[in-house]
Structure formats: C-alpha cells, structure tokens
Amino acid sequence: MEDLLNTPTAFRNDAYAKVTGIAKYADDITIPGMLHAVPIYSDYVYAELIAVDATEALKQPGVIAVYTARDVPGKVLFGQIIQDYQVLADKYIKTHGDVIALLVAETRVQAIAAIPFVRIEARELPAVLDPEVAMLPETPLLHPAHGSNICNEHCVRRGDITLGEQASDVVIEQTFKTQRIEHSYLEPESGIAYLRPDGVMEVMGSMQHPFSTRRFTANTLGLALNDVEVKTIPMGGGFGGKDDTAALVCARAALCAYLLKRPVKMTYTREWSMRESYKRHPYTLQYRMGLSQDGIIRFAKSRFVADGGAYCSVTPWVTWRSTVQCCGAYSVENVHNDTYGVYTNNIFSGAMRGFGSPQVNFAIEQLIEMAGEKLGLDELEIRRRNMVRQGSTTVTGQVLDTHVVSLQQAMDRVLAEIDYTNKRSQCSFGDPAQDEWYGIGMALSYRGMSLGAEGVDFNSAIISVQPDGSVLIETGIHENGQGSESAMILIAAEHLGIPKERIRYRMPSTSNIPDGGTTVASRGTILGGGAVVNAAKILKNILTTEIKTAKNIDVSSFRDSGLYDTNNELVMSWNDAIKLCYSRQQYPYAFGVFQAPKVSWDEHTGQGNAYFTWVYACQAVELKVNPKTRQVTVLNIVAAHEVGKAINPDMVKGQIYGGLATAVGYALLEDCKSENGKIVPTNFHNYRIARATDLPEMTAILIENHDPQSPSGAKGVGEPTLELLAPAIANAVYRATGKRFYTLPIRIEL
Amino acid sequence: MAKVKLTLNNETRTIDVEPCETLLDVLRDKLGMKSPKCGCDRGDCGACAVLIDGKSVRSCLIFAIECEGQHITTLEGISGDQLSILQEAFIEFNSFQCGYCAPGVIISATELLKSNPHPNLEEIKEALSGNLCRCTGYQPIFDAILKASKETKK
Ligand code: FES
Ligand code: FES
C-alpha cells in the first residue's frame with residue numbers, strides 16, 4: 001500500500017500556482033469598472049472629532065466620494081468580543097491608527113494624491129498610554145460604555161500562597177517586560193467588493209477569517225449574513241494578524257461598493273498596515289516564586305498587565321491563555337495569578353501566533369533557571385524536578401492523562417541532538433579574557449491546543465464524490481499559507497484509500513460551508529482534519545450500506561482505490577462503488593463535524609480543564625556575543641515539538657522553521673515602538689525582521705504520539721514554534737555574558 | 001506621458017507611462033504581469049524583484065521610463081511549458097508557504113545560479129538577504145537552491 005502520509009517530498013496543492021507566480025492574491029484581481037478606496041488618518045492619538053471637510057478633496061481629479069462614519073448604513077461599532085472597534089472614527093479618535101474617512105477615486109494614484117485635501121477638525125484630549133495609569137480609578141474612561149479601562153481580568157487561585165511561602169527556603173522576585181511586535185505578513189491588507197446583481201455583496205480579500213470578515217461586513221452594511229458572501233483566495237501570510245483590521249479593510253471596500261454600486265478595491269500600503277493593524281500585546285509580568293531546598297516550586301505568585309490598546313479585539317482570550325499557562329510547563333501547588341487586559345490609546349493589540357504564551361514563557365523559563373542557580377541545581381535538573389509529566393495536574397487543576405505527556409521526551413531529544421551537556425561547559429559567562437563569548441540555552445513549553453474554554457470550538461467538512469470518482473472536499477478552515485488545504489487532502493486520501501491526486505480542495509465560500517470559527521490557535525489540522533475524518537466515515541458508511549444492500553457483501557476496508565471485504569478480497573473498485581451509488585439514487589456526499597471535547601473554566605477560581613489536549617516542546621540555541629559590538633549571532637537552533645501525528649511532515653517542519661525565524665526576531669530584532677501613542681516603525685527599513693543572513697542552521701524534530709481525542713491523530717504546530725525561543729536565547733545570552741536580560745528585545749548592555 | 005519600448009518575457013511591448021510610475025506599477029497595472037508583488041514599495045522586501053538584462057532588480061525602485069530598450073523577465077517569463085530545475089526544487093522542499101515572497105525569491109535565486117552555478121550556503125544567504133520571507137524561516141529555500149545547484153551541470 002502506498003504510504004500516502006509519508007511521501008518523501010512535501011505536498012502542496014497550490015505548489016504549481018505559487019512557484020510560477022500565477023496564484024492570484026487580492027491585489028492581483030481586477031474587476032472592470034473598479035474604483036479604489038484609501039484610508040484617511042488624522043494626526044491625533046486621542047481627540048474629539050469635530051468635523052471632516054471633504055470639499056477640496058472632492059474637487060481633485062478622479063475623486064468620486066469621501067465617506068465618514070455618518071455614511072455607514074449599518075453599525076459603526078463592531079468587535080469579536082466587545083463591540084468597541086470603529087469602522088470609521090465616530091465622535092472620538094481613539095488611537096493614531098483610526099481611520100477617519102474613506103476616499104474613493106477612479107485610480108489608486110488619484111486617490112492617494114487627494115488624501116492631503118481632506119481636512120480634519122478635532123479637539124485633542126490627553127492620551128492615556130501607560131496601562132498602569134489607565135487602571136487607576138481617577139483616569140478617565142476610554143470606553144465609558146465598558147465602565148472601566150480594564151478590558152478584562154483573569155485569575156488563578158490554587159492552593160494557599162501562605163502555606164507555599166512557609167514551605168519555601170528561597171524566594172525570588174523579578175519583573176519582566178515584553179515588547180509590541182508587528183506580524184509582518186509580507187502581503188499588506190487588501191479587499192475587493194462588489195454588489196452582485198442578485199443583491200449579494202461579494203467580498204474577496206487578504207484576511208484569515210472569512211466568517212469574521214462576513215460579520216464585519218454585514219454589520220457595517222446593515223445586511224443579513226446571507227447577503228454577504230466572502231470567498232477565499234490565496235493570501236500572503238497572517239500569523240493571527242489578519243482578523244480584525246483585515247476584515248475591516250474588506251468591510252470598508254464593501255461599504256464603498258455598496259454606496260457607489262461599483263466594484264471597489266482597497267489595498268493597503270505597508271505604512272498604513274503598520275500604522276493601523278493590531279500587534280502582539282506588550283506585557284509586564286511580575287513574579288514572586290518560592291522553592292524548597294529540594295528544588296520543588298512551592299508557590300508562584302504573578303501579576304500580568306497586557307496593553308490591549310484602544311480596542312478589545314481578542315485581548316480577553318490572549319490574556320486568558322497567559323493566565324492558564326502562568327507557570328509554564330511546571331506543576332505548582334500554590335498559585336496566585338492576576339492578569340489584566342487594559343485599554344489605552346495605543347495601537348490595539350490582538351491575536352498573533354503564540355497568543356499570550358511567548359510573553360509568559362520569556363519570564364518563567366528564565367525564572368526557573370534563576371531559582372535553580374540559587375539552590376545550586378543546574379538548569380536541567382531544576383526543570384526535571386518540576387516539569388509536568390504523565391498524570392500531572394496543571395495549575396488550573398487539569399489532570400494530564402488523556403494523551404501522552406511528552407515533555408521529557410522533547411527535552412531529551414533536543415539535549416542529545418545539540419550535545420547540550422558538553423557544550424554547556426564551554427560557555428563564557430562574560431569571561432574578560434575571551435574576545436568572543438559563547439553561550440547555549442534552552443527552554444521548555446507546553447501549550448493547550450485550539451481555543452479551549454475561550455470559545456465554541458467546532459468545525460465541519462464536506463466530501464462530495466463526483467460520478468467519475470473524483471472528489472471535492474472543503475472545510476471551515478482557512479488557507480493562510482500554512483498548507484491547511486494540503487493537509488486536509490492528505491487526511492481525506494488516507495481515510496478514503498484513494499490517491500491524493502483524485503481529491504481537489506474546493507475554495508470555500510462563507511455561503512457554502514458553515515461557520516467553523518477562526519483559523520487560529522493552531523486548530524486547523526486538529527479541528528478541520530477531525531471533521532474530514534468524520535465526513536470520510538459517513539461517506540464510507542454510505543458506500544458500505546449500498547454494497548451490502550445491492551450485493552450482500554460486507555466491506556471492511558478502503559485502500560488502493562478499492563473496497564475490500566474482511567478476507568482482504570477486492571469487492572469493487574472505488575470508481576465502481578461510486579457508480580453503484582449513483583445508480584441506486586444515493587449521493588456519495590457527506591457532511592462531517594468535529595466538536596472539540598468539552599472543556600471547563602471557573603472564572604472566579606481560575607480552575608478547570610482549560611484545553612482538551614496539550615502539546616509539548618523543547619528548543620535549544622547556541623549563540624555568540626561580541627563583547628565590543630554587543631552583536632549577538634545565533635549559531636544553531638534545535639527544536640522538538642509534539643505534533644500528535646505529522647500529516648505532511650515536511651510542511652510541519654516548515655512551520656517550525658518559520659516560527660523559529662520569527663522568534664529570533666522577537667528575541668533580538670523586533671520592536672514596534674510607540675512614541676506618544678504613535679507607532680514609530682513605518683516599513684521594513686525601520687522595522688527589522690529576520691533576513692536570510694540572520695539565521696543559523698535549524699533542526700526540527702517531530703515527536704508523534706497520536707492523540708486519541710483527535711480523529712486524525714494530529715494536534716497542531718503553528719503557534720508552539722514561536723513561544724519558547726526567546727527565553728532559550730535569553731538563557732544562552734546569560735551563559736555567554738553572565739548577565740540576565742529581563743526585557744525584550746534583548747539589547748546587550750554590559 | 002511618454003512612450004517606452006521594452007522587451008518583456010521575450011515579447012516587445014510599447015507602453016505609455018507617466019514619468020513617476022515605477023516599473024512595478026507598470027508591470028502590474030499596464031502590462032498584466034502580476035507575479036511581482038508589492039511588499040514595501042521602497043526596496044526593502046524583494047517581493048517585486050524582476051530580471052533586467054539578467055540582473056535581479058527591485059522593480060519598485062526604478063521608474064518604468066528608465067527601462068527603454070531593456071530586457072525584463074518576470075517569474076511568468078521563467079515559467080515556460082516546463083518548470084525550471086529551481087522551481088521543481090521549490091516544490092520538492094516546500095520552499096514557500098503563503099507564496100507571496102516566492103516570485104521575488106525565485107528571481108533572486110535564478111540570478112544567483114546563473115552567475116554562480118554552485119554557491120555555498122553563505123553565498124546563498126547573501127544573495128537572498130534582500131528578500132524577506134516571514135513564513136518559511138528561509139531554510140527550505142536554501143535547501144531548494146542547493147539541490148537545484150547540484151542538478152545544474154558542472
Ligand atoms: S516592493 Fe519592492 S522591495 Fe519591497
Ligand atoms: S512564503 Fe510567505 S513570505 Fe515567504
């Protein structure tokens with residue numbers, strides 16, 4: 001039998017289109033008669049909007065219209081959790097990225113040329129930029145309807161901190177700070193919309209959540225969900241960053257198309273994208289942790305403050321993950337955590353690959369080593385004594401017994417691969433006699449898969465077999481560039497026993513497949529793949545039943561394009577079975593659903609089975625530091641990740657390399673600074689992400705323990721890859737320089 | 001408006017351009033070549049790379065009017081009836097994810113292999129240092145180029 005899932009080369013259904021340049025992304029599409037919309041920003045960070053004067057702008061060549069919040073036929077406010085995000089600024093400008101108006105012209109060049117002619121009158125208000133200040137009771141409310149500048153709070157209350165303090169022989173306290181970073185998807189936001197003759201607003205765009213885009217659009221236009229159809233096209237990267245803002249760019253194009261009855265495209269420049277799109281949350285993390293002489297963590301008290309910026313977006317969910325994972329991959333009996341997501345007038349923060357865990361891991365994975373050092377235990381031993389194992393209880397009271405807890409396995413594989421113990425002895429620790437300092441470092445993580453108690457978590461798949469035996473499949477998962485369609489095809493091929501070449505992934509539309517939620521949280525393969533497996537089961541049932549009724553033969557397996565009985569005798573070919581089905585007036589068509597197993601959460605105690613399954617990882621890094629230039633050069637990275645089952649192994653490794661590259665940026669290069677509420681970087685010359693020359697050799701190790709709760713056996717890999725390299729680098733920098741760095745990005749100051 | 005005559009993917013084309021129009025905009029909007037992508041519009045990402053007389057050039061940095069008489073090749077022009085060895089290697093090594101960087105990366109790599117058919121890893125990195133990719137971590141791109149260079153005849 002052909003081993004479909006272990007083909008030596010990567011499989012991508014979009015490979016040909018992408019290597020020949022014929023793949024059509026949003027901005028590559030043109031519609032006859034199409035107009036171009038551009039955003040109008042103001043110079044204000046926080047202000048009361050008094051008037052928008054478009055008189056002069058409308059006189060400019062090619063300009064057709066200028067729209068403000070007043071022109072919105074539906075609702076101006078929307079949001080995934082709290083509806084506080086303005087399609088266009090209405091009454092108040094709440095942040096520097098707010099769009100005040102939309103200008104539409106015949107050509108994009110004309111539209112851009114007319115931007116300076118829109119006059120904005122506003123009364124400046126004192127901006128609140130520090131989350132700690134925002135939380136003070138005397139600070140004016142940025143969203144009075146919410147009743148507080150604290151967008152959300154979460155906590156964990158486990159055991160008794162006082163008892164933990166009493167049992168501790170050493171106590172350490174440390175504050176860590178992490179920075180704001182930009183997703184830096186290579187394709188800036190773009191949306192195209194046109195009103196179809198049947199009255200449906202059709203939208204295509206560079207966004208990662210078609211259903212969210214549909215909700216944003218319908219809400220803005222005041223239409224029902226079935227009046228808006230969002231179609232999926234190739235998109236140039238998302239990393240969590242193409243939800244709210246990208247959805248809104250599409251909704252704004254739709255707004256203009258709706259009002260003008262002409263197709264409208266809105267494509268962002270990099271500058272607009274950096275200015276307006278949400279970022280990774282900057283965090284301040286304060287820890288107090290106690291351990292007894294035997295190296296066991298007796299208590300951990302922590303307080304996290306996340307700057308959510310001007311709008312809620314998914315801050316409550318991002319910060320919830322931080323809360324659940326507040327002690328990293330360690331079992332701690334007495335835990336007290338308070339986490340706050342806070343409104344400020346800064347650029348808003350939202351989903352980004354990693355989603356609330358990179359910040360926590362940066363802190364805890366250094367803290368554990370600092371504690372070990374105090375106790376005279378090395379960084380491996382202190383971890384071994386506290387890490388979660390099979391049957392361990394997490395800090396939220398969840399027992400890890402439904403899957404293989406492979407943290408130790410991941411750690412052992414990485415340490416062996418990188419030859420950790422030997423290399424550890426060569427570390428410089430800032431030795432003044434050396435003119436180049438060497439360091440090695442590692443970090444561990446565990447991560448709850450998919451959405452957990454953040455929200456409803458289910459997905460669906462359609463398998464429709466055509467009369468000639470070829471297959472169309474579709475799921476509620478979005479292709480963000482990660483290769484989800486290819487993974488779905490491989491899963492379907494395996495379960496139907498037919499070659500992948502016979503399966504085509506139908507580009508989904510929101511009018512065809514049910515809302516499957518957002519393609520984030522590394523949930524694509526586990527949720528979508530689960531739905532494909534379940535649909536395949538239903539489909540096989542249809543075929544089996546038809547053959548039983550027609551021929552009284554029991555089919556027991558599907559493989560090699562054939563159906564086999566219990567004696568392994570071929571009953572009939574796949575094609576013949578499909579023909580039989582059609583001749584008996586049965587459609588070989590199946591709709592499969594996968595509902596994530598139940599999770600639970602008590603928001604008062606912060607206890608519950610937060611996620612239905614978990615993944616585990618270890619990453620290690622070697623680097624050198626030049627004491628004079630303070631330059632850090634990363635020399636080698638090894639990463640091991642539990643993935644459940646690798647559906648498309650090369651693609652899984654590709655996910656790991658990509659996550660590591662972004663994590664090098666997070667640790668050492670990237671900083672989306674804000675000055676007086678205005679984002680400083682404007683483009684890639686002043687926002688530096690990792691280039692080819694910044695990266696060392698990387699080794700990806702896949703650990704596969706099929707997850708019994710995942711129908712395909714697979715878990716996920718997108719996000720964990722980016723959540724633990726920064727602390728591994730910090731630990732390596734420590735062993736190179738002898739100094740700890742508690743702030744990201746790491747800037748060597750000696 | 002000025003007339004510019006150039007050779008695009010081996011075809012002679014004459015177009016009217018504004019003096020301020022970049023080659024990238026003209027390729028995409030007036031010549032129908034959508035493979036060069038706009039990632040930054042200021043020379044920092046390499047997504048817009050095309051070959052001009054065999055040299056990899058960022059098309060957002062030059063004006064179309066400067067291209068009179070030049071031979072321009074976009075990824076569409078490289079992709080004939082058969083994929084190049086490099087394109088095949090890109091597929092084999094999964095050297096793209098979202099694929100937005102791929103046209104520029106393949107152009108840069110094509111130029112590299114032409115001028116240096118057997119580059120080492122450092123030379124590959126150097127040649128690609130102007131091409132940003134946020135998805136792949138570059139490693140699968142390096143692998144594909146190394147593989148293609150082995151298949152290129154000595
Ligand atoms: S668009 Fe030309 S280099 Fe980025
Ligand atoms: S594949 Fe997405 S930027 Fe390179």
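## Helix H10 of chain A

H10(A) is mostly covered, with 15 of its 19 residues buried (20 or more other C-beta atoms, placed from the backbone, within 10 Å of the residue's own). This is a predicted model, in which local features need pLDDT of at least 70, side-chain atom pairs count only at pLDDT 80 or more, and totals for chains, interfaces and linings use all residues. Residues are numbered from 1 along each chain as its sequence is written, while chains are lettered from A and ligands numbered from 1 in the order in which they are written.

The helix covers residues 357-375 and reaches 27 Å from its first C-alpha to its last, close to the 27 Å expected at 1.5 Å a residue (1.5 Å times one less than the number of residues). Helices (H or I, at least four residues) and strands (E, at least two) are DSSP runs numbered from the N terminus.

## Packing of H10 against H18

Helix H18 of chain A spans residues 725-737, and its axis comes within 8 Å of that of H10(A), crossing at roughly 35 degrees. Axes are lines fitted to C-alpha atoms over the stretch in contact, with angles from 0 to 180 degrees between N-to-C directions. The crossing is right-handed (the near helix is turned clockwise from the far one by less than a right angle).

On the H10(A) side, the contact is made by Pro358(A), Asn361(A), Phe362(A), Glu365(A), Gln366(A) and Glu369(A); H18(A) contributes Ala726(A), Pro727(A), Ala730(A) and Asn731(A). Contact requires C-beta atoms, placed from the backbone, within 7 Å. By class, these residues are five nonpolar, three polar and two charged (Ala, Val, Leu, Ile, Met, Phe, Trp, Tyr, Cys and Pro are nonpolar, Asp, Glu, Lys and Arg charged, the others, Gly among them, polar).

## Interface of chains A and B

Chain A places 44 residues in contact with 42 residues of chain B. On the chain A side, helix H1 (15-19) and helix H17 (649-669) are the elements giving two or more residues. H17(A) gives the most, eight residues. The chain A side divides into 18 nonpolar, 17 polar and nine charged residues.

## Domains of chain B

Chain B is divided into domain 1 (2-77) and domain 2 (85-151), with bounds from an automatic or database domain assignment. Their centres, taken over C-alpha atoms, are separated by 21 Å. The contact takes 15 residues from domain 1 and 13 residues from domain 2.

On the domain 1 side, strand E3 (49-52) and strand E4 (55-58) of chain B each give two or more residues. E3(B) has the largest share, three residues. This side has eight nonpolar, five polar and two charged residues.

Technical notes:
Two residues are in contact if their C-beta atoms, placed from the backbone, lie within 7 Å. A residue is buried if 20 or more other C-beta atoms lie within 10 Å of its own, exposed if 12 or fewer, and partly exposed in between; C-beta atoms are placed from the backbone.
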